[in-house]
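Morning, everyone. Please have the viewer open.

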Amino acid sequence: MKSISLYRLNGILLLGILSVIALYYGRLFLIPLSFAIILSMLMLPVSRKLEKWGLNRFWSTMSCVLIILLFVAGFMLIIAAQAASFSEDMPQIQQRLHELMNQTQAWIQEQFGVTPQKQVAFIKSQITKLSASAKQYLTSILQGTIGIVAAFVLVILYMFFLMWKREKYKTFILKLVSSESQAEAKRTLEQITKVSGQYLTGRLLSMLFVAVFYSIAFTILGLKNAILISVIAVIPNLIPYVGAFIGAFFPLIMTLISGSTGMFIPTVAILISAQVIDNNIIEPLVMGAQLSLSPIMTIFAIVIGELIWGIPGMLLFEPLFAIIRIICSHIPQLNPFSYVMSDDKEVTRKPGWARKIKQALFN
């Protein structure tokens, strides 16, 4: 058995370390660029369709950018409209909070012997400490908001130029490989483009299903501001696995505050039902088999992404790992890495109805 040389092992470790350093210190540039690349791959079929209908490249690209902007604007309008409705219910919510606070104070006094007066005094002291640093917090929030707006503008600009001159960048990548490998490189690029577009499309369709499911179920249950609660609960679902647990906190808290204790168990049942249906039916249909990473690799992607890029890394590193898997599958020496990153379910033949629905969605 031929063992790997120490020199080669050191080279691999050094490459890994340098890659992590480059990703970490270049995150302000790489994060917007990564989002732009994924959005470009998502909108590429739309741009091609518009060009077949007679639009030139510039206007088809502008149309794709406009679609993204309209989607974001519509999402913000829904949030704003629901927030206005939510503000009308603030008196009832404040009354419910007061009742819950009294119940909590009584429970603390009964369990630990701390009187409500001491509890209030402790809370006031903590509020005083927080108010002393409130200016710093407000400054951080303002800077973060400005940073998000600036990053969004960069994403839109990068997306426009990536789509407008896409043949140039494709030719550049092909020039980096030998003429004998260009056919394989083209197939790799096509597969990466397809998988990246499927990932974002599948994730958005999955979130749309969960949002609609939550909205209908919460409305039937009688929970106020069901649409706003559903939208806020669904946003963290962009993060695989972890997002579902994070998103569940807000509906549960709002159930206790604005609803009644009798709604708590039905709300838990709604949250679990939506995730079971989404994980076992919706996601397998819309995510695409070629994206499939093994569960442990998906968790690795989330953890490593958070360590290097924070929350954006938790969103971006899963498709990045999928792209790495595709590249490894096209390089014989790296096939073992592709194998270990792949999901075993990928080789399972899907039922006929599932294949038909997938073809209707993506073909």
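Start at Thr188. Thr188 is buried, because its relative accessible area is 11%. Buried here means under 20% relative accessible area, exposed means over 50%, and partly exposed is in between, with a 1.4 Å probe and protein chains only. Thr188 sits in helix H8, residues 182-221. Helices (H or I, at least four residues) and strands (E, at least two) are DSSP runs, numbered from the N terminus.

Before going on, the ground rules. This is a predicted model, where local features need pLDDT of at least 70, side-chain atom pairs count only at pLDDT 80 or more, and totals for chains, interfaces and linings use all residues. Residues are numbered from 1 along each chain as its sequence is written, and side-chain values use heavy atoms, with hydrogens and water left out.

Back to Thr188. What does its side chain reach? A polar atom of that side chain lies 2.9 Å from the backbone oxygen of Glu184. A polar contact is a pair of N or O atoms within 3.5 Å; within protein, one must be able to donate a hydrogen and the other to accept it, and residues adjacent in sequence count only if both atoms are side-chain atoms. Leaving out residues up to four places away in sequence, Thr188 touches Ile326, Ile327 and His330. Contact means heavy atoms within 4.5 Å.

Stay on H8. Gln182 is also in this helix. Gln182 counts as partly exposed, because its relative accessibility is 28%. Beyond residues up to four places away in sequence, Gln182 touches Leu174 and Val177.

Further along H8 is Gly197. Buried or exposed? Gly197 counts as buried, at 8% relative accessibility. Its contacts, again without residues up to four places away in sequence, are Met41 and Leu42. Gly197 and Ser40 are 157 residues apart in sequence, yet their C-alpha atoms are 8.2 Å apart.

Now the whole chain. It has 15 helices and 0 strands. Of its 363 residues, 33% count as buried. Among contacts with a separation of 6 or more, 71% join residues 24 or more positions apart.

Next, the annotation. UniProt, in an unreviewed entry, places "transmembrane region" at residues 7-24, 30-46, 58-81, 141-164, 204-221, 227-249, 256-277 and 297-317. Those positions use the numbering used here, feature names are shortened, and annotations may be inferred rather than shown by experiment. Two of these segments, in coordinates. Residues 30-46 are 100% helix and 0% strand, with end C-alpha atoms 25 Å apart. Residues 204-221 are also 100% helix and 0% strand, and there too the end C-alpha atoms are 25 Å apart.

On to packing. A nonpolar core is a set of buried Ala, Val, Leu, Ile, Met, Phe, Trp, Tyr and Cys residues joined through side-chain atoms within 4.5 Å. The largest has 24 residues, and Leu39, Met43, Ile68, Met159, Trp309, Phe317 and Phe321 touch the most other members. Which elements give two or more residues to this core? They are H2 (27-52), H3 (57-88), H6 (134-164), H12 (295-309) and H13 (311-329). H2 gives the most, with 6 residues.

Take Met159 from that list. Setting aside neighbours within four places in sequence, Met159 is in contact with Ala36, Leu39, Ser40, Met43, Cys64, Val65 and Ile68. There is also a second, separate core of 18 residues, which includes Met207, Leu223, Ala226 and Ala274.

Ala226 takes us to helix H9, residues 226-234. H9 is largely enclosed by the rest of the structure, because 7 of its 9 residues are buried. Those are Ala226, Leu228, Ile229, Ser230, Val231, Ala233 and Val234.

For contrast, look at Leu69 in helix H3. Leu69 counts as partly exposed, at 35% relative accessibility. Leu69 and Ile156 are 87 residues apart along the chain, and their C-alpha atoms are separated by 8.7 Å.

Last, H13. Its 19 residues should span 27 Å at 1.5 Å a residue, and the end C-alpha atoms are 28 Å apart, which agrees. The expected span is 1.5 Å times one less than the number of residues. Where is the kink in H13? A kink of about 35° lies at Phe317, shortly before the proline Pro319. The bend at a residue is the angle between axes fitted to the seven residues ending there and the seven starting there.

Questions, please.
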